[in-house]
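Here's a quick briefing on the voids, the surface and a few contacts of one model. Have a look at the structure first, then read on.

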Amino acid sequence: METAKKYLSRAEILSYSVGLLGLQLLVGILNSYHAEFLVGNMGADFAVLGVITLCVKLLSSVFDLVIGNRIDRRQSKMGKLKPFMLYALAPCVVLTILLFLRVPLRGALFYSYLFVVFLLWNVAIALGDVPSQAFSSVLTPNPTERTALLSVANTLKGLGLAASGVLVPALCLLIPGGSNIFSEQDAPISYREYILSAAIISVAGMALFSLMIGYNKERVPYSAEKLSFRDMAFVFRDNRPLKLITFSGLLGSGRMIQTGISVQTSNVVFGSQGLQFLFTFIGIGQLAATLLLPFLCKKLGEKWCYISLCIFGFFSSLLTFFVGTENRVLMFSCMFLLGFQFAGALVMPAILVADSVDYYEYKTGKRIEGSAFAIMTLTTKVTLALSTALGLLMLRVAGYDPGAAAFSDFTRSTVYFAYVAFPGIFNLLSILPMLRYDLYGKKKQEIVEELHRRRGENS
C-alpha cells in the first residue's frame with residue numbers, strides 16, 4: 001500500500017528536529033529569564049509585565065494569520081515555506097539581544113520601548129515558527145511516518161524550550177567572573193551574563209534552525225491558493241477538526257504556566273534560580289511519553305491518546321502538589337509522571353492539525369498548510385500569553401520578591417501550586433471539545449487513501 005511507503009531520510013528527520021530545537025532555544029530564554037531580568041535590572045513590575053505580555057501576544061497573533069495567508073499564496077523554486085524561515089534568521093538574533101539590553105529609560109518610556117521590541121520579536125519568531133510547524137505536513141504524505149517524525153521533532157523542541165534552565169547557569173559558570181548561581185541565592189545573574197547568554201543562545205539557535213532549511217524538502221504537491229482573510233475565516237469555519245483542536249487549546253491555556261515561572265519556582269523550592277535544571281525530571285517524563293506517541297496513537301487513535309494524556313496529567317498534577325517538596329525523591333518521581341501531560345499539550349496538536357490539513361484537502365481539494373498552522377501557532381501564542389500573564393499574576397498574589405533572602409510559607413505554597421497543579425486543572429478543561437473529535441481510525445485512513453488516489457491520478 002502506498003501509504004506505507006517511507007519518504008524521510010535520517011538526515012531530514014534529524015535536521016528538522018534540531019531546527020525546531022534551535023528556534024525554541026530563543027523562546028525558552030525569553031520565557032524563563034526575561035521577566036527576572038527586567039525586574040532585577042530595570043525595576044519592572046511583575047503585574048505590568050503580565051499585562052504587556054498578554055497585549056503583545058494577542059496583537060502579534062494577527063501576524064501569524066498574515067504569514068499563514070502569504071504562505072498559502074506563495075509559489076517559488078524554494079517552495080512555499082523556506083523563504084519565510086530565511087527571513088526570520090537575522091531579526092530573531094538581533095531582537096533577542098535587544099530584549100536583554102539595559103536601556104537608559106524608566107517608567108512609561110521604558111514600558112513603551114519594551115512593548116515595541118517585544119512585539120517585533122514575536123513577529124520575527126512567527127516568521128520562523130509558522131512555516132517550520134507547517135513543514136511537518138509537507139515532508140511526507142505518509143501520516144504514520146509523520147507522527148513518528150513529530151514525536152522525535154517535538155521531543156527535541158521540548159528540550160530546546162527547557163534548555164535555557166541548564167544553558168544559562170552553565171554559561172554563568174564559564175564566563176570569567178560569572179556568578180555561581182547554582183548555590184548562592186544572593187548571587188543573582190549579572191547584566192553581563194544575561195546579555196552574553198542571550199547573544200550566544202540566539203546565534204546558536206538560529207544556526208541550528210537554518211539546518212532545517214538546508215536539509216529538508218517539500219514532497220506533498222500543492223498549488224498557490226489566493227485566499228483572502230475572509231476566506232481564511234471560512235477555512236476555519238469549514239474545518240471542523242481544526243476548530244475542535246483550537247478550542248481545546250484555548251480551554252487548556254493555563255497548562256503552559258510553567259514556562260513563565262520556572263526560575264521563580266526554583267528560587268522558592270530550591271533557594272536558587274540556577275537549580276531550575278532539576279525540573280528536567282518533567283522534561284524526561286515528556287520525552288518518555290513523546291517517544292511512546294506513535295505506539296499510543298496506533299493503539300488508541302489520536303483522539304483517545306490526547307484525552308488519555310490529559311486525564312493522566314490532571315491526576316499526576318494533583319499528586320505532585322500533595323506530595324509536596326520535603327521528600328525530594330517522591331517529588332521528582334511525581335514530576336516525571338507530571339511530564340507525560342506535556343506530550344499531549346505540546347506534541348499532539350501538531351499531529352492533529354496536520355491531519356486536519358489532509359481533511360480539508362479531501363473535502364475541498366485545497367491544501368492550506370500555512371493557514372491551518374498559522375491558526376495553531378496563533379492559538380499557542382494566545383495560550384502562552386494567558387499562561388504567562390496568569391503566572392506573573394500568581395507571583396504577585398504570592399508576594400514573590402526576587403531579592404528576598406527567604407520566602408514565606410504562603411509564597412512557597414502559592415507558587416508551587418501554580419507550577420504543578422494549574423497544568424493539570426487546565427488539561428482537564430481541554431478535553432471537552434475533543435469529545436466531539438472524530439478524525440481518527442477508519443475515517444482518517446479512508447481520507448489518506450483517497451488523497452493518495454487523487455494525487456496518483458494527477459501525477
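Helices here are DSSP runs (H or I, at least four residues), numbered from the N terminus. This is a predicted model, so keep the thresholds in mind: local features need pLDDT of at least 70, side-chain atom pairs count only at pLDDT 80 or more, and totals for chains, interfaces and linings use all residues. Residues are numbered from 1 along each chain as its sequence is written, and side-chain values use heavy atoms, with hydrogens and water left out.

**Cavities**

- A cavity is a set of points, on a 1 Å grid over the protein atoms alone, where a 1.4 Å probe fits but cannot get out, and lining residues have an atom within 4 Å of a point.
- The structure has five cavities of 30 Å³ or more, a volume being the space filled by probe spheres set on the grid points, which are joined across faces, edges and corners.
- The largest cavity holds about 590 Å³, and among its 38 lining residues Lys 157, Leu 346, Thr 380, Lys 381 and Leu 384 sit nearest the centre.
- Helix H14 (369–398) is one of the elements giving two or more residues to that lining, and its eight residues are the largest share.
- By class, the lining of the largest cavity splits into 17 nonpolar, 15 polar and six charged residues; nonpolar means Ala, Val, Leu, Ile, Met, Phe, Trp, Tyr, Cys and Pro, charged means Asp, Glu, Lys and Arg, and the others, Gly among them, are polar.
- The second largest cavity comes in at about 200 Å³, with 15 lining residues, of which Leu 30, His 34, Thr 53, Phe 118 and Thr 388 are nearest its centre.
- H1, H2, H4 and H14 each supply at least two residues of the second cavity's lining, and H1 gives the most, with five.

**Pockets**

- A pocket is an open set of grid points with protein on both sides within 12 Å along at least five of seven lines.
- The largest pocket has a volume of about 530 Å³ and 30 lining residues, with Gly 158, Leu 161, Ala 162, Phe 279 and Gly 283 nearest its centre.
- H11 gives the most to the lining of the largest pocket, seven residues, and by class that lining has 14 nonpolar, 15 polar and one charged.
- The second largest pocket is about 330 Å³; of its 13 lining residues, Thr 144, Lys 298, Glu 302, Lys 444 and Gln 445 are closest to the centre.
- H11 also has the largest share of the second pocket's lining, with four residues.

**Contacts and surface**

- Lys 444 and Glu 302 form a salt bridge, with their closest N and O atoms 2.8 Å apart; the cut-off is a side-chain nitrogen of Lys or Arg within 4 Å of a carboxyl oxygen of Asp or Glu.
- Lys 444 is in helix H17 and Glu 302 in helix H11, so this pair ties together parts 142 residues apart in sequence.
- Helices H11 (280–323) and H13 (340–364) pack at about 35°, axes 6 Å apart, where axes are lines fitted to C-alpha atoms over the stretch in contact and angles run from 0 to 180 degrees between N-to-C directions.
- The contact of H11 with H13 has 17 nonpolar, eight polar and two charged residues.
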